[in-house]
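I opened this entry to note what I looked up, item by item. The sequence and the structure come first, and my notes follow.

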Amino acid sequence: MKKNYIHWITRLQLVLIAIFISFNTGCQFNKEQAVRTEIHFIDTGNSDAILIKQGDNAALIDGGDNDDEELIAAYIKNQGIKQFEYVFVTHPDADHIGGLDAVIDQFAVNAVYVGNGKADTKTYRDFIEALMNKGLTPSVPLLNSTFKMGNADFKVLSVASAKDVNNTSLVLLYTNGKDKLLFMGDVDKEIERNINVGKVDLIKIGHHGSRSSSDKAFLIQIEPKYAVITVGERNKYGHPHAETMEVLEQLAIPVYRTDEGGNLIFVSTGNGVTTKQLPNSYLSGESKKSKQNVETNKQPQKVVTHTTYAKVFFTKNSKKYHSLLSCSGMKSPQQGTLEDVGDRTACNKCY
């Protein structure tokens with residue numbers, strides 16, 4: 001009886017040891033799966049350009065507007081990136097694909113995925129031509145398909161076919177370990193209702209903070225710890241709209257916006273998303289415009305101390321002029337004098 005007792009104790013000990021080893025091996029595996037990832041929301045004004053970098057692997061979600069080509073290319077080079085595993089094009093609007101021809105030209109790209117939207121514009125044709133020159137063929141991904149990058153992956157949550165090109169945007173969920181980051185493109189509330197993703201750490205708010213997106217019920221459902229808005233300062237659309245900002249404030253979701261914070265950088269550890277930057281305001285684009293108009297009426301305009309005949313640089317559709325040719329990554333800049341700038345105002349960075 002004593003021998004049997006010892007025998008069973010020994011067997012129990014062996015089982016416990018096996019469980020302990022298995023548990024620790026599993027924990028180690030999970031740790032290995034979570035690799036530090038940087039998420040860069042590049043400040044390209046009222047447009048999207050999102051860089052995701054995990055070790056030697058990189059992906060790009062959208063590529064800014066037409067005037068952002070050199071700015072985006074320079075930013076990517078400064079991050080030491082030479083090639084992309086994936087380039088995701090949420091939809092064919094110019095403010096999402098304008099700078100991608102330069103990216104395709106200057107970097108190696110393994111695969112390009114696009115939304116269901118169509119466009120017959122020069123900007124879109126430039127993008128397609130750049131792909132053809134590199135022998136690349138864009139593909140529309142299947143709903144719920146996943147694309148692995150390093151130890152993380154992208155999952156396609158929406159690839160709708162719709163009359164409104166914004167609603168054809170790819171919606172992507174990036175998962176790294178326990179961290180989940182949701183990229184909404186320009187989709188509105190109609191698409192949000194079809195997305196059931198659970199809680200996320202970060203959301204890139206849809207359509208630059210437009211009132212058409214970011215339904216309160218949807219935000220309550222996903223409970224984001226961070227909300228990012230890619231938006232241009234004093235843009236003509238009034239983005240972000242007051243309705244969106246009021247909902248974010250009511251739910252006490254910290255907001256990070258490129259018009260106030262510039263380039264926004266987050267880090268996914270696999271066990272939490274962090275940033276060294278402080279959150280920005282809940283002000284809407286409309287209220288900022290009103291405030292600016294009041295201040296402009298009360299205060300004299302800034303005096304620029306350079307001569308009328310000094311050289312300045314600007315682009316055809318720009319609202320600013322610059323003293324430095326390299327400022328703001330201008331595409332096809334023109335040279336002139338102050339007599340040529342028209343209604344443009346001086347750039348705050350180089351004056």
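**Cores**

I looked up the largest nonpolar core and found 28 residues in it. A nonpolar core here is a set of buried Ala, Val, Leu, Ile, Met, Phe, Trp, Tyr and Cys residues joined through side-chain atoms within 4.5 Å. Buried means under 20% relative accessible area, exposed over 50%, and partly exposed in between, with a 1.4 Å probe and protein chains only. The residues with the most contacts inside this core are Phe 41, Ile 52, Tyr 86, Phe 88, Phe 154, Phe 183 and Phe 266. Its largest share, 3 residues, comes from strand β7 (residues 152–158). Another core, of 26 residues, lies apart from it and includes Ile 72, Tyr 75, Val 103 and Val 112.

I noted that this is a predicted model, in which local features need pLDDT of at least 70 and side-chain atom pairs count only at pLDDT 80 or more, while totals for chains, interfaces and linings use all residues. Residues are numbered from 1 along each chain as its sequence is written, and side-chain values use heavy atoms, with hydrogens and water left out.

**The chain as a whole**

I counted 10 helices and 18 strands in the protein chain. Both are DSSP runs numbered from the N terminus: helices are H or I of at least four residues, strands are E of at least two. Of the 351 residues, 47% are buried. I also looked at contacts, meaning heavy atoms within 4.5 Å. Among those between residues at least 6 apart in sequence, 64% join residues at least 24 apart.

**The open sheet**

I traced an open sheet of 7 strands with mixed pairing, in the order β6-β7-β8-β9-β10-β11-β12. Two strands pair if DSSP finds at least two bridges between them. From one strand to the next the twist averages 20 degrees; axes are lines fitted to C-alpha atoms, and angles run from 0 to 180 degrees between N-to-C directions.

Within this sheet I looked at β8 (residues 171–176) and β9 (residues 179–183), which pair in the antiparallel sense over 5 bridges. Leu 172 stands opposite Phe 183 in β9. Beyond its neighbours within four places in sequence, Phe 183 is in contact with residues including Ile 39, Phe 41, Ile 52, Leu 172 and Lys 204.

I then checked Leu 173, which is also found in β8. Leu 173 counts as buried because its relative accessibility is 7%. Its contacts, neighbours within four places aside, include Phe 154, Leu 157, Leu 181, Val 197 and Val 200. Leu 173 and Val 197 are 24 residues apart along the chain, and their C-alpha atoms are separated by 8.4 Å.

**Helix α5**

Which residues of α5 are buried? I found Thr 123, Tyr 124, Phe 127, Ala 130 and Leu 131. Seen down the helix axis they fall within an arc of 120 degrees, so they line one face of α5; the arc is that of the directions from the helix axis to the C-beta atoms. They pack against β4 (83–89), α3 (94–97), α4 (100–106) and β5 (108–114). On the other side, Lys 122, Met 132 and Asn 133 are exposed. Just after α5, Gly 135 takes a positive phi of about 70 degrees.

**Strand β13 and its partners**

Strand β13 (residues 264–268) has 4 of its 5 residues buried, so it is largely enclosed by the rest of the structure. It runs antiparallel to β1 (residues 37–41), joined by 5 bridges, and Thr 37 has Ser 268 as its bridge partner. It is also antiparallel to β14 (residues 273–274), with 2 bridges; there Val 267 stands opposite Thr 274. I read β13 and β14 as a hairpin with 4 residues between them, where Gly 270 in the turn has a positive phi of about 95 degrees.

I found a cis peptide bond between His 239 and Pro 240, with omega about -10 degrees. Pro 240 sits in the loop between β11 (226–229) and α8 (242–250). Ala 252 has a positive phi of about 55 degrees although it is not a glycine. It lies in the loop between α8 and β12 and counts as exposed, at 57% relative accessibility.
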